[in-house]
Structure formats: C-alpha cells, structure tokens
Amino acid sequence: MFFRMLYDDKLAQASYLIGCQRTGEALVVDPERDVQRYIDLARREGLRLTAIAETHIHADFLSGARELAERTKARLYLSDEGGAEWKYQWLNAKQDGGSYEHDLLTEGDRFRIGKVEIEALHMPGHTPEHLCFLITDRGGGARAPMGMLSGDFVFVGDVGRPDLLESAAGQAGTALQSARWLYRSLQRFRSLPDYLQLWPGHGAGSACGKELGSVPQSTVGYEKLLNPALLAGQKSEAEFAEEILAGQIEPPYYFSRMKHENKVGPAILETWPAPPVLAIGELLERQNRSTAIVDTRPWQEFRDGHLPGALHAPLTNDFPAVTGSFVEPEKVIYLIVSRDRLQEAITALLRIGLDRIAGYATPQELNEYAAARGKLPGIAEIDGEELQRRIRRERLCVLDVRSAFEFELGHIAGALNVPHTRLLPRLREVPRDRPCLVHCQKADRSPAAAAMLAHHGFEVVHLAHGLRSWLAAGGELE
C-alpha cells in the first residue's frame with residue numbers, strides 16, 4: 001500500500017493519497033481545488049486515480065472533489081449521513097451533462113481501491129454528515145485496519161469544533177445539539193483499538209478546532225490518554241458540551257460561503273489563472289468598486305505607503321483568512337506581489353474560491369511609481385503612551401479586533417469588539433464620526449483590519465505592538 005499526506009500550511013489542511021501498488025489504483029481523500037498535484041503524485045508513483053472521497057462538507061476551503069472527478073473520471077465516495085439539508089447537490093451536474101460516478105456512504109459501508117479496503121464510520125459532531133475511514137491493507141495480508149482517516153472529528157490534541165453550523169453557516173441553535181453528538185461519537189472512539197494510527201484532516205493553525213497539535217499524526221491510544229477534549233469526554237454530556245463550546249474563536253467570514261459552495265457544487269476551474277504583470281498606472285486605471293487590490297508586502301512597507309484603497313494581506317499562514325474575510329468573491333483582484341511568490345498567492349486564493357485574479361504589479365514597480373509620483377497614502381500608527389494621551393484629549397473609537405473570548409478576559413475601557421475576520425459584515429457597528437484606533441494583542445491581526453477599514457473610508461489609527469504596548473505604558477484593562 002502507498003500512503004502519502006499532502007499538507008497545506010496556510011490552511012493547516014491535510015489531504016491523503018492512498019494507493020494499491022498491486023493494481024495501480026489510487027484514492028484521494030479530502031482534496032483541495034488545485035488538483036494537478038494529486039494527479040502528478042499518482043503518476044510519479046505509477047498509480048492512476050480511480051476514487052475520490054470526502055470526510056464531510058468542508059467549511060474552510062473549496063473542495064477539489066468535483067474538479068478531480070471532472071479531470072480523472074474517478075468515482076466519488078461521499079457521505080449520505082446527516083439531515084436532508086447536508087446532502088451533496090452537485091452529483092447530477094457534470095459539465096457535459098449527466099451524473100458523476102458515485103456511491104453515497106453510510107455507517108459501515110465498505111469499498112476497495114485494489115486490495116486496500118476502506119470502511120466508513122459515521123462520527124457526527126463537527127458536522128452531522130461526518131465520516132471517518134478505517135484503512136485496511138488486504139493486499140499486504142492485513143486482517144485488521146492500520147489506521148483511521150479522522151477528518152475533522154479527532155485531531156492531534158483536540159477535536160473538531162461542533163459550533164460551525166451555527167457560528168459559520170448561520171443555523172441557529174445547532175451548536176449544542178452538535179456538541180452532544182460529538183460527545184456520543186467520542187464515546188464510540190474510545191472503543192477503537194489503541195494501536196490504530198490516527199491521520200487527521202488538520203493541524204495547528206486551523207480554525208476547525210481550539211488547540212490543534214503540530215504533530216501530523218498520532219494513535220487512537222495516545223489521544224485517549226492525553227487529548228484534553230477526550231478527557232473532557234469522561235465528564236457528563238452536559239458538562240462536556242459546555243466546556244467544548246466555551247472559548248471557541250469566531251470563524252472567518254468566508255466559512256459560510258465555503259460550506260454553501262461545497263454543498264451545491266464548487267465552480268470548475270477550466271484554466272489556471274495567468275494574470276499579466278501591469279504597470280501601476282494601468283492597475284489604477286482599472287480600479288473601481290468591483291475590484292480589490294491585495295497588497296502582500298510586510299506591514300511596515302504597507303503602512304508607510306500603499307495604493308489608495310488597497311487591502312493588506314501578507315503571504316503568511318493568515319493570508320486565506322484575511323482575503324477570504326475581506327474580499328467578496330465577485331471582486332476582480334489585482335495583486336501587489338513579487339514574481340517569485342505570484343503562484344503561491346494565486347494558489348491560496350483559488351483554494352478559497354477567489355478566482356477572478358486579473359493582474360499584478362511587483363513591490364519594486366510600486367516603489368518606482370512612488371519615487372516618481374511622490375509619497376503614497378499610509379496609515380497613522382502610534383504607541384501605547386500616545387494612545388493614553390489621545391484618549392484623554394479627544395474622542396476615539398477604540399476597536400479591539402481580537403476574539404470575543406480574548407476581549408472578555410480584559411480590554412481597554414469603552415472599546416468596541418469586532419473580531420478581525422468578522423469585520424466586513426459588521427462595518428455598520430463601527431462609528432464614522434471619529435478616528436478609529438485599531439488594535440489586537442500583538443499587532444498580528446490589527447494591521448489587516450486597519451487597512452480594511454481605510455479601504456472602506458474610515459479614519460484609521462493603528463496601535464503599534466498591540467495591547468502589549470498599552471500595558472507597557474501603564475494602561476489598564478477592565
């Protein structure tokens with residue numbers, strides 16, 4: 001049996017390619033949308049993709065299952081568990097007409113990829129339709145499964161959050177019921193043999209759990225011993241539900257769109273975008289209300305001068321959360337990005353369904369434009385001492401863009417709390433009749449929020465070094 005994880009650092013997301021080396025067949029589980037890498041890996045290993053499976057309908061990235069089925073004609077294996085509202089709706093909508101070859105799976109269903117057997121286990125909680133897959137290498141003589149692809153059910157050191165249907169997809173009242181389902185699924189998890197390897201769908205940095213570990217895999221036995229969420233599962237169902245729902249950060253705004261598009265059918269990528277390089281003047285001529293300029297330079301450079309209306313989204317692991325939460329999918333995107341990182345930016349955007357990438361300019365070209373035309377608009381920045389002086393002498397809106405959980409632990413008196421990835425739908429809550437001082441804990445989230453507010457016409461001031469600067473200057477929290 002061939003087994004390989006393919007990992008996306010920015011989304012902390014894991015796809016898996018499993019192959020039978022005897023028959024040359026292969027399966028991809030939870031593919032992202034840039035599917036050529038799965039095709040290429042299978043070809044290098046002498047395999048052909050014959051099957052595609054998903055553990056659940058994803059919220060944090062646009063699924064590549066449909067794209068891969070179009071490209072390879074592989075058979076789809078998808079969940080038929082959960083309520084009617086969480087069924088796949090695109091299986092009878094091939095581009096050239098007709099239906100995709102597919103099997104809908106429920107608890108205990110099995111299928112084979114050559115001599116490799118896959119068994120579906122229904123483990124609801126993170127989502128109602130969630131499946132895990134037990135993998136048994138029958139061709140290698142195994143009579144029991146080697147491991148389990150756990151998707152977003154159990155991670156290393158954590159479990160999949162049960163509140164996303166409510167907090168991301170807007171289904172009021174579902175979080176508590178999902179937490180109860182998760183509790184019951186975890187009781188079943190305890191009955192699995194300790195030796196089973198555990199291959200999760202996410203690692204540290206994913207918004208699909210609270211505190212995911214950085215180790216890429218584990219065992220069922222190890223998680224039973226040390227996973228805090230599984231230990232909490234030894235309490236009563238009511239106590240577990242209260243504990244697992246407490247302190248969950250707000251999911252990025254784009255999660256609801258991903259959930260919907262993955263259910264009704266992700267758009268097919270007919271061609272990979274090849275945006276042309278543009279002169280800055282030409283880029284500005286194209287700028288209008290239907291466009292978004294995404295500037296990937298470091299904050300210090302953006303702060304000191306950027307194109308009017310540009311958004312700030314450096315190519316860190318936060319890039320998908322920022323662009324997904326601040327750029328509407330219908331917007332035509334122009335990038336400020338170096339040539340050697342252009343494909344990285346395009347790939348990250350496509351993975352969250354931001355496809356309309358129409359051109360780019362490099363930071364060097366922007367610097368040359370600024371040198372020829374004069375200083376570009378920037379964003380004012382102050383430290384904690386200056387903020388204390390300004391609060392005493394003028395009206396400021398202090399906007400805290402940390403999570404609600406962080407805010408409740410302590411905040412500047414009178415501050416307004418809107419988590420940065422939920423800012424776009426809540427802009428009306430931010431007053432426009434006074435300057436807006438934007439901060440987070442350590443100035444890793446607030447720069448993007450400050451740029452986004454400036455894009456929408458607010459008078460913005462940014463707190464350098466975040467709340468730490470305020471505290472270092474003797475500021476107090478309430």
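Leu78 finds its bridge partner across the gap between two strands: in E6, that partner is Leu104. The pair sits in a predicted model, and it belongs to the link between strand E5 (residues 75–79) and E6, which run parallel and are joined by 4 bridges. Stepping back, these two strands are part of an open sheet of 6 strands, ordered E1-E2-E3-E4-E5-E6, with mixed pairing. Strand E1 (2–8) and strand E6 (102–105) are the edge strands; each has a single partner, so one side of each is left without a neighbour in the sheet. On average, and ignoring direction, neighbouring strands here are turned by 20° against each other.

Two helices lie across this sheet. Helix H1 (residues 36–44) lies across E1, strand E2 (13–20), strand E3 (25–29) and strand E4 (48–53), and it runs at about 150° to E1. Helix H2 (residues 65–72) lies across E3, E4 and E5, running at about 150° to E4.

The buried set is made up of Ser446, Pro447, Ala448, Ala449, Ala450, Ala451, Met452 and Leu453.

Leaving aside residues up to four places away in sequence, Ala451 touches Phe302, Ala310, Leu311, His312 and Ile379. Trp299 is 152 residues from Ala451 in sequence, yet the two C-alpha atoms are 9.8 Å apart in space.

E20 and E22 run parallel and are joined by 4 bridges, with Asp400 standing opposite His439 in E22. E22 also pairs with E23 in the parallel sense, over 3 bridges, and here Cys436 stands opposite Val460 in E23. As for side chains, Cys436 and Val438 point one way from E22, Leu437 and His439 point the other way, and all are buried.

The largest pocket has a volume of about 880 Å³. Of the 36 residues lining the largest pocket, Gly205, Ser206, Ala207, Ile249 and Asp318 are the closest to its centre. H11 and helix H15 (404–409) each supply at least two residues of this lining, which divides into 15 nonpolar, 9 polar and 12 charged residues.

The second largest pocket comes in at about 230 Å³. Among the 16 residues that line the second largest pocket, the closest to its centre are His312, Pro314, Thr316, Asp444 and Pro447. The lining of this second largest pocket draws at least two residues from each of H10, H11 and H16, and it splits into 9 nonpolar, 4 polar and 3 charged residues.

Definitions and conventions
Residues are numbered from 1 along each chain as its sequence is written. This is a predicted model: local features need pLDDT of at least 70, side-chain atom pairs count only at pLDDT 80 or more; totals for chains, interfaces and linings use all residues. Side-chain values use heavy atoms; hydrogens and water are left out. Two strands pair if DSSP finds at least two bridges between them. Axes are lines fitted to C-alpha atoms, for helices over the stretch in contact, and angles run from 0 to 180 degrees between N-to-C directions. Contact means heavy atoms within 4.5 Å. Buried means under 20% relative accessible area, exposed over 50%, partly exposed in between (1.4 Å probe, protein chains only). On a 1 Å grid over the protein atoms alone, a cavity is a set of points where a 1.4 Å probe fits but cannot get out, and a pocket is an open set with protein on both sides within 12 Å along at least five of seven lines; lining residues have an atom within 4 Å of a point. Grid points are joined across faces, edges and corners, and a volume is the space filled by probe spheres set on the points. Ala, Val, Leu, Ile, Met, Phe, Trp, Tyr, Cys and Pro count as nonpolar, Asp, Glu, Lys and Arg as charged, and the others, Gly among them, as polar.
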